[in-house]
Amino acid sequence: MGAAARSSQNRFDAFFIALIVFCALCYTIWGAARATDAAFEIQMWTAIIALLGGAFMLVGSVASGSNEDVRTKYQNDVIKAGVVASMFWGIAGFLVGVIIAFQLAFPNLFYFEQWGWTNFGRLRPLHTNAVIFAFGGNVLITTSFYVVQRTCRARLAGGLWPWFVFWGFQLVIVLAGTGYLLGVTQGKEYAELPWYTDIWLTIVWVAYLLVFLGTIWRRQEKHIYVANWFYLAFIVTVAMLHIINNLAIPVSFTGWFSYSLFSGVQDALTQWWYGHNAVGFFLTAGFLGIMYYFIPKQADRPVYSYRLSIIHFWALIFLYIWAGPHHLHYTALPQWAQTLGATFSIMLWMPSWGGMINGLMTLSGAWDKLRTDPVLRMLVVSVAFYGMSTFEGPVMSIRAVNSLSHYTDWTIGHVHSGALGWVGFVSFGALYCLTPWLWRRKGLFSAALVEWHFWLSTIGIVLYITSMWVAGVMQGLMWRAYNQFGFLEYAFVETVEAMHPYYIIRALGGTLFLLGALIMAYNLWRTATSDEPAQQRVGDAPVSGVAVAAE
């Protein structure tokens, strides 16, 4: 498509995006004027400011003819913005995580009675959503936009719509974060967003799906690479999970509170069908798409077994969707449903380890690169953490083990071994790869800083998860200990006191992980702003076909 055609396409896209923004502005202005509570009014004014900013950007884009580099084969500017956003939200989420970790160890720290937003109860959902959806979500959108273009040899579909997805998702993050600090929450794990933010997220997510599908539809490569299958499964399934779990009836269209369409044990089952599959498809399937592209690319080796990758895909997406009930052992949920969840969780062990083996064995013939390439080492260690987490999860779904582990810090250790080790490291590896590729540099500013990041973060993860494993097992054993008279051996406060040193260790581990991320941000910034001459890659060759360096 030529520059003139793209400019015309952008004007066509801008009309429909402007229509969505206009409708959203009308509602938010009306909502701010008629708000029934202060928190909702602040949310509406936040949205108004963001939507007006988006409207000005849209007008500027149309006036200038385009907001993208039409000289290149692929659309890279939105991916560059995604790299920056991913790093920004990652550091913000890690920082809040360190703060609440120290709050658990020292309860009076950062506690101000007159400022409710500083309390652990407000900051905890801010942390979980910032690292999962703000950091992880931006990494997934960014890498998927990059991978689908290169593997399909086609420019992103939709003209301005990828930018709508990017900025629309940032608005979701801002509304979520400010809402949690104000106490606006549904009280559902990983699904705290109020009803109006849920609606906006649905619109953005449908646009994301259409951009991704449209790019695959216009592909010049007949074969659809397996990474795109994982990305597509993640996008479609998360949309289904989000819509069904968040079906709710607002008390008022001028307030944030709503009632779930489900109640009782049905609500619990729907929530953990969503909650576990948010892990399964958001934090697993999507990031497996990253693994299947970036490890072979960085190792300069083909995927070990393409057949195994297809088996991994179909087994994973069929089994994962059934595993949610294992979160509800020893509850009012029928026994058969609990058993079903545990059974499918154990069955998940096999495809998960098949994917882990496939990722590790991709290095066959290139193991020596681990000594000299810290980025590849980070990607490979992430796969090792994936294998460890997907072994521990099925074990913890067994009723006998769950009776000890559930509601303890063992679960926290398990979650963070996957979140920091698997999701964090594979995301860091992808961002380390993307930055020199997108900003056309020979390499990163400093490989030594990557080494520092790797070892600081690895030590931090080990301190974090081992302290939580020990604390969790101790916690569970103390809760179920009885004396000779049949009374509980320990009061609850005694278990809290016993865990204090482990909470300090966890906070120190999180601090090391945060320091590693700060080093990474500096390294990426120096890479992007380097004065060295740009190295044009073959895949990004200008449309005019000028001579380029080898990719």
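Let's start at Leu488, which sits in the loop between helix H16 (447-479) and helix H17 (492-498). Helices here are DSSP runs of H or I with at least four residues, numbered from the N terminus. Apart from its neighbours within four places in sequence, Leu488 is in contact with Trp479, Ala481, Tyr482 and Asn483, where contact means heavy atoms within 4.5 Å.

Before going on, a word about what you're looking at. This is a predicted model, in which local features need pLDDT of at least 70, side-chain atom pairs count only at pLDDT 80 or more, and totals for chains, interfaces and linings use all residues. Residues are numbered from 1 along each chain as its sequence is written, and side-chain values use heavy atoms, with hydrogens and water left out.

How confident is the predictor? The score is pLDDT, the predictor's confidence in each residue, from 0 to 100. Its mean over the protein is 91, and 93% of the residues reach 70 or more. Over residues 543-551, though, pLDDT stays under 50, and the model has 18 contacts beyond four places in sequence for that stretch.

Now for the inside. The largest nonpolar core has 145 residues, and Phe234 and Phe294 have the most contacts inside it. Helix H8 (residues 264-299) supplies the largest share of this core, 16 residues. A nonpolar core is a set of buried Ala, Val, Leu, Ile, Met, Phe, Trp, Tyr and Cys residues joined through side-chain atoms within 4.5 Å. Not counting residues up to four places away in sequence, Phe294 touches Thr143, Val147, Leu379, Ala430, Cys433, Leu434 and Trp437.

Thr143 also gives us a way out to Leu210: the two are 67 residues apart along the chain, with 16 Å between their C-alpha atoms. Leu210 is found in helix H6 (residues 195-217), and it counts as exposed because its relative accessibility is 56%. For relative accessible area, buried means under 20%, exposed over 50%, and partly exposed in between (1.4 Å probe, protein chains only).

Helix H10 (335-347) and helix H11 (349-361) are the elements that give two or more residues to the patch, with H11 providing the largest share, four residues. Ile346 belongs to helix H10 and is partly exposed, because its relative accessible area is 37%.
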